[in-house]
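Have the sequence and the 3D view ready.

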Amino acid sequence: GQSLLYIVSKMGGRDYLYDHMLQLSQEYGFELVVLGYPDQKDYAVSRGVKPENYYSADVGAHSADNIRAMVAQVQALSKTRRIHAVKTYLNAFAQLEAELSQALGVPGYAPEAVAAAHSKILAREKMNASADASLHLPAFSARSAAEARAAFLKIKAAGFERAVAKP
């Protein structure tokens with residue numbers, strides 16, 4: 001059968017997430033493999049994850065070095081068991097999901113797209129670089145309340161009637 005690598009966080013109060021993924025794995029016939037915190041294995045097993053299908057990692061540390069380490073760990077795992085897909089339920093793990101999917105050669109989001117989606121600066125750069133002018137976003141820098149008000153009025157005048165100004 002096929003294997004799905006499921007990235008999970010600390011589960012306190014989120015039993016339904018394991019239950020739902022285990023139900024889906026049975027319904028669709030895939031083996032659930034879990035990548036999660038070392039201290040969560042007993043909990044995962046109590047919910048129905050096979051002990052041999054739980055792999056420990058510091059999934060909450062999102063530094064580039066730690067992501068590289070987890071990618072290397074999962075690539076080593078994939079030499080003994082094929083992983084067909086990678087998923088998570090937590091937006092904070094989307095970058096790790098994308099990096100693992102790419103490293104394993106399975107369908108998933110491009111890591112660059114996820115990085116841009118999680119960064120207002122990168123998202124604005126990507127959208128403003130698009131050939132589609134409807135994606136371009138106005139940006140203003142203000143150093144005083146008067147400059148901020150003037151910039152906000154320009155944005156509204158450009159057709160962004162429901163614009164929100166943020167400091």
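Start at R81, which sits in the loop that runs between α3 (64-78) and β4 (85-88). Keep in mind as you look that this is a predicted model.

What is the nearest side chain of opposite charge to R81? That is E31, 4.4 Å away. A salt bridge needs a side-chain nitrogen of Lys or Arg within 4 Å of a carboxyl oxygen of Asp or Glu, and R81, although buried, has none. R81 does have a polar partner: its side chain and that of N53 are joined by a polar contact of 2.8 Å. If you set aside the neighbours within four places in sequence, the residues in contact with R81 are S3, E31, V33, E52, N53 and Y55.

Now turn to strand β2, residues 30-36. Why is β2 described as largely enclosed by the rest of the structure? Because 6 of its 7 residues are buried.

Next, look at the strands that pair with β2. Strand β1 (residues 2-7) pairs with β2 in the parallel sense, over 6 bridges. Strand β3 (residues 54-56) also pairs with β2 in the parallel sense, here over 3 bridges.

Finally, trace the chain from β2 through helix α2 (residues 41-47) to β3, and you will have followed a right-handed β-α-β unit.

Note on methods. Residues numbered from 1 in each chain as written. Predicted model: local features only at pLDDT ≥ 70, side-chain atom pairs only at ≥ 80, totals over all residues. Heavy atoms only, no water. Helix = DSSP H or I, 4+ residues; strand = E, 2+ residues; numbered from the N terminus. Buried < 20%, exposed > 50% of the residue type's maximum accessible area, 1.4 Å probe, protein only. Lys, Arg positive; Asp, Glu negative; His and termini not counted. Polar contact = N/O pair within 3.5 Å; in protein donor to acceptor, adjacent residues only side chain to side chain. Contact = heavy atoms within 4.5 Å. Pairing = 2+ DSSP bridges. Right-handed = clockwise from strand over helix to strand, strands pointing away.
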